[in-house]
Amino acid sequence: MVLKGKRVKVGWLTVLAAMIVVSIIGLTTEFSDSLFDLAGDHLWANVAWMITATIFVLMMTPGLSFFYGGMVRPKNVISTMLQSFIVMGFVSVIWVVFGFSLAFGDDIGHVIGNPADFFMMKNVGVDNVTGKEGLSQIGIAVTTIPLALFALFQMKFAIITPSLITGAFAERVHFSGYLMFMVLWTVIVYCPLAHCTWHPEGLFGMMHVHDYAGGIVVHAASGIAALAGAMFLGRRRKVKGESDKPANVPFVLLGAALLWLGWFGFNGGSSLAADGIAVSAFLNTNTAAATAMVAWIALDAVRGHKPSAMGAAVGAVVGLVAITPCAGWVTVGQSIFIALFITVCCNVATSWKGYSNLLDDALDVFPTHGLGGIIGTVLTGIFAYDFFARTETGMISRGEFFWNHILVLLIVFVYTFVMSYLLYWITDKIIPMRVSGWNEQVGLDSSQHGEAYGSETSSVVPTESDWFKGTEEN
């Protein structure tokens, strides 16, 4: 409808106007005095490793786009991949302007950072992380990496988290509506969770609840938001006679391989140093992925299915999710148990017909990432205690340590689900989140982006007039 088209155009004009304002403000900012102070007391091995780890983590988002893009129908490959890829642009700008401040700025109420503290990367140079009061306890130990490098590393986590959500509502979301939701979700959900978990004065950290590399902040949060999205947007429309087979299984394998490789930076880099914890995380990450891939294939075979490339790819990613909450704090033997246990849980969840009948979580984001992150955090409350009992002063009892992890998971579930559902609702009132029936049957590649993947199209595509002339203008 014309009205909807005007709203979309106004939205894009607003984006352009915001970028213009940000660029003008950027002209007024000055260099941080520390930005070029390369004589600081840095451990250059840490710096080199963290630059490498940051690159690895960024690579995971294009990897995710291939992973998701290969799973959908041919008419939605480009749109699904772009939904992940575009986040690298939007979230990077948000993070530089005020996102990093919200997550790691001076504490406000133990739930959020001061948005003015690092506005436009003010005071973010090559000073040590330890040089900023209040940030000296970030990570497991005091490190000597530059604050700018820490901000860049954390940026990549902020990028991939909303990208994970897209798999739940694949093939039916309006691109402009998705972008608005993603921006709001990053600011209102991700940044407070990152602050509560990883800032030294954050609420969860003060409760001795630990998340090594994103079991809570990344996987549980994105999975819960995906669950809310699947509920809000409803089921995909089915076209009689149209195949729902994945468009490109080699894309899925390529995406899984890139994720596996990038996860070494995701988990290995979360020690914030080139140290033994990074090596332990590296070893546990690979072991968990391998364990889960083998277990997933075996579970499928036991149920009478042939060993599939899709199963191997999904299994490996589930193993990576499983070990993320505690990768640097557990033994390799424990990582095998954690991966195996969570793989069984996730495999059963994805094959449970009751879930698929209840919700159309297109790419099983909640049963894999959400459930994997939640159970992984529970197991962190069991297996990581010994590590912190040796390294933390004033450590609480084992029982309190465990139950605090359960309590935080309940808080995160309620907050993330309620706020995500509310943001879907608010966004839908401004820009419809769900595309029209005509858009959906033609495919989002064509209707949303004017592009096409390959030559495959639906064999039964009604004309636009048959759908109440309800297509949105882009």
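Are E440 and R434 buried or exposed? E440 is buried, and R434 is buried too. The model behind this answer is a predicted one.

## The chain as a whole

The protein chain holds 18 helices and two strands. It has 474 residues, and 56% of them count as buried. The chain exposes about 18,900 Å². Carbon and sulfur atoms supply 69% of that area.

Residues 24 or more positions apart account for 78% of them.

## Cysteines

A disulfide is a covalent bond between the sulfur atoms of two cysteines. How many disulfides does a search of the whole structure find? The count is zero.

C196 has 6% relative accessibility, so it counts as buried, the cut-off being under 20%. C326 has a relative accessible area of 0%, so it is buried as well.

## The nonpolar core

The largest nonpolar core has 129 residues. Which residues have the most contacts inside it? They are F67, F100 and Y190.

Y190 shows what such a position looks like. Set aside its neighbours within four places in sequence. Y190 then touches W95, Q154, F157, A158, T161, W185, W198 and V217.

## Aromatic pairs

A pair of aromatic rings is described by the distance of the centres and the angle of the planes. The structure has 29 aromatic pairs. In one of them, the ring centres of F66 and F251 lie 5.1 Å apart. Their planes stand at 90 degrees, so this pair is edge-to-face. It links distant parts of the chain: F66 sits in helix α2 (residues 44–69), and F251 sits in helix α9 (residues 249–268). The two residues are 185 residues apart. F66 has 22% relative accessibility, so it counts as partly exposed.

Ring pairs also build a cluster. Its members are F169, Y178, F181, F232, F413, F417, Y421 and Y424. Q83 touches two of these rings, F169 and Y178. Leaving out residues up to four places away in sequence, Q83 is also in contact with T166, V173 and F175. Q83 belongs to helix α3 (residues 77–85). Its relative accessible area is 2%, so Q83 is buried.

## Salt bridges

Side chains of opposite charge can pair when their charged atoms come close. A search of the whole structure finds eight salt bridges. E440 takes part in a salt bridge with R237, at 2.7 Å from N to O. This pair joins distant parts of the chain. E440 lies in helix α17 (residues 437–442), while R237 lies in the loop between α8 (215–233) and α9. They are 203 residues apart.

R237 has a relative accessible area of 30%, so it is partly exposed. E440 also forms a salt bridge with R434, where the closest N and O atoms are 3.0 Å apart. Here both partners are buried.

D300 and R303 form another salt bridge, at 3.3 Å from N to O. D300 is buried, with a relative accessible area of 11%. R303 is partly exposed, with 40%. There is also a network of salt bridges, which links R73, E171, R172, R236 and D360.

## Positive phi angles

Most residues other than glycine have a negative phi, and most peptide bonds are trans. What is the phi of L272? It is positive, about 60 degrees, although L272 is not a glycine. L272 is placed in the loop between α9 and α10 (276–302). Its relative accessible area is 3%, so L272 is buried.

D364 also has a positive phi, near 55 degrees, and is a residue other than glycine. Its place is the loop between α13 (353–358) and α14 (365–383). With 24% relative accessibility, D364 counts as partly exposed.

Notes
Residues are numbered from 1 along each chain as its sequence is written. This is a predicted model: local features need pLDDT of at least 70, side-chain atom pairs count only at pLDDT 80 or more; totals for chains, interfaces and linings use all residues. Side-chain values use heavy atoms; hydrogens and water are left out. Helices (H or I, at least four residues) and strands (E, at least two) are DSSP runs, numbered from the N terminus. Buried means under 20% relative accessible area, exposed over 50%, partly exposed in between (1.4 Å probe, protein chains only). Contact means heavy atoms within 4.5 Å. Accessible areas come from the Shrake-Rupley method with a 1.4 Å probe; for residues, only the protein chains shown count as cover. A disulfide is a pair of cysteine sulfur atoms within 2.5 Å. A nonpolar core is a set of buried Ala, Val, Leu, Ile, Met, Phe, Trp, Tyr and Cys residues joined through side-chain atoms within 4.5 Å. Rings of Phe, Tyr and Trp (its six-membered ring) pair if their centres lie within 6.5 Å; planes under 30 degrees apart count as stacked, over 60 as edge-to-face and the rest as tilted. A salt bridge is a side-chain nitrogen of Lys or Arg within 4 Å of a carboxyl oxygen of Asp or Glu.
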